[in-house]
Amino acid sequence: MRASQRDADTLTAFEPLRYGAHHLLTTAETQLAQLPQNTVQSRWVYQLGVLHAALDRLDELHEQWLETRDALPATAKPGTAEFDDALAEHHTASWSYLDDWATHGKALREINSAARKTRSPLPAIPARAPIRHAARK
């Protein structure tokens, strides 16, 4: 019973992030590609791969849940055994992929921090640009 509640709570907590997770992964990959090699942790590439695979699987499981939910009889509503059992199965199937995000998601923050600390290859913008006045006639 506790594991079922944990699975449900974890999926509920992750759901708002799931929609932006693809963007987070793309941003991290772009940042990682631009980091100097001496600042890159070797585990980051692996972790991003795990996060991608987990997110793809979570997306598939979400679609499967929607199909399962829509196929339930009209009498199967939240609170009925038929609905709750199907939802619990969805939560159980999602758990290991959510655990991957809990375990490896910190890599996104680490890559972003490294990218923010890295000096830009572009020259710094002066604090005040000189003002040019048009010649008066």
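Modeller: Arg18 counts as buried because its relative accessibility is 8%, and buried means under 20% relative accessible area, exposed over 50%, partly exposed in between (1.4 Å probe, protein chains only). Please keep in mind that this is a predicted model, where local features need pLDDT of at least 70, side-chain atom pairs count only at pLDDT 80 or more, and totals for chains, interfaces and linings use all residues. Residues are numbered from 1 along each chain as its sequence is written, and side-chain values use heavy atoms, with hydrogens and water left out.

Colleague: What makes Asp59 and Arg18 a salt bridge?

Modeller: A salt bridge is a side-chain nitrogen of Lys or Arg within 4 Å of a carboxyl oxygen of Asp or Glu. For Asp59 and Arg18 the N to O distance is 2.9 Å, so the pair meets that definition. The pair links distant parts of the chain, with Asp59 in helix H2 (residues 43–71) and Arg18 in helix H1 (residues 2–34), 41 residues apart. Helices here are DSSP runs of H or I with at least four residues, numbered from the N terminus.

Colleague: Which other pair links distant parts of the chain?

Modeller: Glu110 in helix H4 (residues 106–117) and Arg43 in helix H2 are 67 residues apart. Their closest N and O atoms lie 2.8 Å from each other.

Colleague: Why is Glu110 called partly exposed?

Modeller: Glu110 has 23% relative accessibility, so it falls in the partly exposed class. Arg43, at 33%, is partly exposed too.

Colleague: How do you know whether Asp7 is buried or exposed?

Modeller: Its relative accessible area is 3%, so Asp7 is buried. Asp7 has a salt bridge with Arg6, the closest N and O atoms being 2.8 Å apart. Arg6 is partly exposed because its relative accessibility is 36%. In total, the salt bridges number six.

Colleague: What about Glu89, buried or exposed?

Modeller: Glu89 lies in helix H3 (residues 81–104), and it counts as exposed because its relative accessibility is 58%.

Colleague: How much of the chain is buried?

Modeller: Of the 137 residues in the chain, 27% are buried.

Conventions:
Helices (H or I, at least four residues) and strands (E, at least two) are DSSP runs, numbered from the N terminus.
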